[in-house]
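Subject: Structure for your review

Dear colleague,

Please find below the structure that I am handing over to you.

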Amino acid sequence: MVKVSPRFKVQPKRVPGFTVLIGKGVLVSLAVSLICILFLSLASMATDSLVLEDYLQYIMVAVTMISIFLGGAYAAQRAGSAGLIIGMAVGVIYVLISLAIGIEATPETLSLWILGNKILAGLAAGALGGLVGVNL
């Protein structure tokens, strides 16, 4: 009978559940957004440039997409597989949280067209981040 030495008994790396990884990805996305918003608010207060205010809406869309991308990449990298699904879930949850905050903060109505565009953009950014994160 042959004995197997202990060095060949390698335990596989333990990966937390998908829900935990998605939650961490959403938290990373929210943290990146908050840091960027703080930086933009400081830049807006420090300068009297109207250029920043003119393009603030477009800058915030870019911050949102980058945040979702980074959150999806972070969660998918930790998972090591199923990056597309994890990234898309991070994107949808982030968009739903931001919409809930936006509905409470402003009295504007939300149309179905705007809702669909935001969810599709969140899905796309999260999917791309998830695909990149798996390959990192």
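Predicted model: local features only at pLDDT ≥ 70, side-chain atom pairs only at ≥ 80, totals over all residues.

Helix packing. The axes of α1 and α3 lie 8 Å apart, and the two helices pack at an angle of about 150°. Angles over 145 degrees count as roughly antiparallel, and α1 and α3 are therefore roughly antiparallel to each other. The crossing in which α1 passes α3 is right-handed. On the α1 side, the residues that meet α3 include Phe18, Leu21, Val28, Val32, Cys36 and Leu40. On the α3 side, those that meet α1 include Ile59, Val63, Ile68, Leu70, Tyr74 and Ala79. Sorted by class, this contact of α1 with α3 comprises 15 nonpolar, 5 polar and 2 charged residues.

Nonpolar cores. The largest nonpolar core has 7 residues, namely Leu21, Ile22, Val26, Ala75, Ala79, Ile86 and Val90. Two or more of its residues come from each of α1 (18-46), α3 (56-79) and α4 (83-105). The largest share, 3 residues, is that of α1. Another core, of 5 residues, lies apart from the largest one, and among its members are Ile68, Val95, Leu99 and Ala125. Ile68 is also one of the α3 residues that meet α1.

With kind regards

Conventions: Residues numbered from 1 in each chain as written. Heavy atoms only, no water. Core = buried A, V, L, I, M, F, W, Y, C linked by side-chain atoms within 4.5 Å. Buried < 20%, exposed > 50% of the residue type's maximum accessible area, 1.4 Å probe, protein only. Helix = DSSP H or I, 4+ residues; strand = E, 2+ residues; numbered from the N terminus. Axes fitted to C-alpha atoms, helices over the stretch in contact; angles between N-to-C directions. Parallel < 35°, antiparallel > 145°, perpendicular 65-115°, else oblique. Left-handed = near helix turned anticlockwise from the far one by under 90°. Contact = heavy atoms within 4.5 Å. Nonpolar A, V, L, I, M, F, W, Y, C, P; charged D, E, K, R; others polar.
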